[in-house]
Amino acid sequence: MNLAKLMIPKCSTVCLLKSSTVRQGLELMRYHGYTAIPVLDENGLYMGSVTEGDFLRHILQVGSTDLKVHERYLVGDIFRRDFCTALPINASEEEVISVALNQNYVPIVDGRNCLSGIITRKAVIEYLSEKQPSKV
């Protein structure tokens with residue numbers, strides 16, 4: 001499996017910085033319609049992913065849906081570092097399939113743990129479908 005062929009490069013991937021405000025994260029997620037977004041530090045290191053559930057728990061804890069209130073909080077304080085396991089660019093086909101079974105996308109990182117891009121579950125399924133010999 002050539003991960004680079006399946007991967008959406010970082011420059012085409014929606015990401016949040018851990019220093020982004022919760023309001024920015026909510027607006028970005030709503031605009032794109034995603035359920036999870038990778039979180040990076042200021043150097044591009046992959047930190048984890050933030051999900052709709054993370055935002056919902058935060059809103060319930062704060063007790064307000066006013067977006068202005070959420071400008072005071074940072075994404076870095078609400079995301080889960082253990083959510084959405086990242087794999088190295090040289091990961092095996094089996095590793096990618098195994099991880100993609102349990103999450104919507106697989107973050108791909110370089111040797112420094114900087115995000116290189118993501119592989120969606122859809123891309124993995126399409127790859128496997130094309131790999132199968134056609135039955136006529």
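The turns below cover strands, a pocket and a few loop residues.

Reader: What kind of model is this, and how are residues numbered?

Author: Residues are numbered from 1 along each chain as its sequence is written, and side-chain values use heavy atoms, with hydrogens and water left out. Local features need pLDDT of at least 70, side-chain atom pairs count only at pLDDT 80 or more, and totals for chains, interfaces and linings use all residues, since the model is predicted.

Reader: Is strand 6 enclosed or open, and how many of its residues are buried?

Author: Strands (E, at least two residues) and helices (H or I, at least four) are DSSP runs, numbered from the N terminus. Buried means under 20% relative accessible area, exposed over 50%, partly exposed in between, with a 1.4 Å probe and protein chains only. Tyr105, Pro107 and Val109 point one way from strand 6, Val106 and Ile108 the other way. Strand 6 (residues 105–109) is largely enclosed by the rest of the structure, because the buried count is five of five.

Reader: In which sense do strand 5 and strand 6 pair, and what is the hand of the crossover?

Author: Two strands pair if DSSP finds at least two bridges between them. Strand 5 (residues 87–88) and strand 6 have two bridges, in the parallel sense, and Leu87 stands opposite Ile108. The chain crosses from strand 5 through helix 4 (residues 93–100) to strand 6 in a β-α-β crossover that is right-handed. Right-handed here means that, with the strands pointing away from the viewer, the path from the first strand over the helix to the second runs clockwise.

Reader: Which residue of strand 7 stands opposite Pro107?

Author: Strand 6 pairs with strand 7 (residues 115–120) in the antiparallel sense, over five bridges. The residue opposite Pro107 is Ile118.

Reader: Which residue in the hairpin of strand 6 and strand 7 takes a positive phi?

Author: Most residues other than glycine have a negative phi. Five residues lie between the two strands of this hairpin.

Reader: Is Cys84 buried or exposed?

Author: Cys84 is found in the loop between helix 3 (52–62) and strand 5. Cys84 has a positive phi of about 70 degrees, although it is not a glycine. The relative accessible area of Cys84 is 5%, so Cys84 is buried.

Reader: Which residues lie nearest the centre of the largest pocket?

Author: A pocket is an open set of points on a 1 Å grid over the protein atoms alone, where a 1.4 Å probe fits, with protein on both sides within 12 Å along at least five of seven lines; lining residues have an atom within 4 Å of a point. The lining has 14 residues, and strand 3 (36–40), strand 7 and helix 5 (121–131) each supply at least two. Nearest the centre are Tyr34, Ala36, Tyr105, Ile118 and Thr120.

Reader: Which residues is Ser20 in contact with, beyond its neighbours within four places in sequence?

Author: Ser20 is found in the loop between strand 2 (16–17) and helix 2 (22–32). Ser20 is buried, with a relative accessible area of 11%. Contact means heavy atoms within 4.5 Å, and the partners of Ser20 are Tyr73, Leu74 and Val75.
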